[in-house]
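Work through the exercises below with the sequence and the model open. Each task is followed by its solution.

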Amino acid sequence: MSHTSAIRRKTIKDIMKAKGHHKLVCLTAYTAPIAQMLDEHCDLLLVGDSVGMVLHGLPDTTAVTLDMMIMHGKAVMRGSQNALVVVDMPFGSFEESPQAAYRNALRVMQETGCQAVKLEYNSAAPETIRFLVDRGIPVVAHIGLRPQYLHVEGGYKVAGKNEESRQEQLECARQVAEAGAFCVVVEGTKDEVAREISDSVPIPTIGIGASVDCDGQILVTDDMLGMFDKTPKFVRKYAELKSQIELGVKAFANDVRREQFPAADETY
């Protein structure tokens, strides 16, 4: 057996140890080239079920399949070597029973080689998380605004807006931490509630549309790079790729129509 291993990726322990020491940088990735570009800057890469909207043109995440997640998970693993890679468990892949969740999560881990899976909170989540972690599958939990519950909630609703919702989110966070999740994504949650959650649980919190006091932050990479005109309030655009791509394509089209491409030095 050879002991020469590839460059060591960040581990679950590295992520957990960051709490109270340094902020965790997290972004979504769905393809090998993007994973490669993000890898040196990120602690964690999430193969999010947001891939449904971002790459497949679906209206929301509920139509995303396990096979889609596995395909994109494989691509991200090929493109990265430094960041911890987490793959989302899509809608319908973990809710039925802890056993079904385990079978599907095992497939994800075995077929992609990722380090962990992420699942959105539901009333059965603590039991499911415990079942998975006991069997060697690390879990990131997801509380606050839950995109997979779009239809139940009747839209994307900010969490923690009133006292009842605040208590509920604190309770969700406590439950997933006790069940063995190694970190928790807190999405679309009122600033002070997200802060309170971060202070109250021993595991790192990763905010998206939550407080700057979360232990880390994540955004959908394509939102952050300006690939879409419409983005949620919590997105800051660090680039404007959509307009740049459109300008490039327009210039190419013009050159082709005017017979200015290919030129002599681009021809054999």
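**Exercise 1: surroundings of a loop residue**

Leaving aside neighbours within four places in sequence, Gln-148 is in contact with Asp-49, Thr-61, Thr-62, Met-89, Pro-90, Phe-91, Phe-94, Glu-95 and Glu-120. The model is a predicted one.

Task: Where does Gln-148 lie, and is Gln-148 buried or exposed?

Solution. 
1. Locate the residue: Gln-148 sits in the loop that runs between strand E5 (139-144) and helix H7 (150-153).
2. Take the relative accessible area of Gln-148, which is 4%.
3. Apply the cut-off: buried means under 20%. Gln-148 is therefore buried.
4. Turn to the side chain: Gln-148 and Asp-49 are joined through their side chains by a polar contact of 2.8 Å. Asp-49 is also among the contacts of Gln-148 listed above.

**Exercise 2: strand E2 and its partners**

Task: Which residues point each way from strand E2, and how many bridges join E2 to E3?

Solution. 
1. Sort the side chains of E2 (residues 44-47): Leu-44 and Leu-46 point one way, while Leu-45 and Val-47 point the other way. These residues are all buried.
2. Pair E2 with strand E1 (residues 24-28): three bridges link the two in the parallel sense. Leu-27 is placed opposite Leu-45 in this pairing.
3. Pair E2 with strand E3 (residues 84-88): the strands run parallel and are joined by four bridges. Here Leu-45 is placed opposite Val-85.

Notes:
Residues are numbered from 1 along each chain as its sequence is written. This is a predicted model: local features need pLDDT of at least 70, side-chain atom pairs count only at pLDDT 80 or more; totals for chains, interfaces and linings use all residues. Side-chain values use heavy atoms; hydrogens and water are left out. Buried means under 20% relative accessible area, exposed over 50%, partly exposed in between (1.4 Å probe, protein chains only). Two strands pair if DSSP finds at least two bridges between them. A polar contact is a pair of N or O atoms within 3.5 Å; within protein, one must be able to donate a hydrogen and the other to accept it, and residues adjacent in sequence count only if both atoms are side-chain atoms. Contact means heavy atoms within 4.5 Å.
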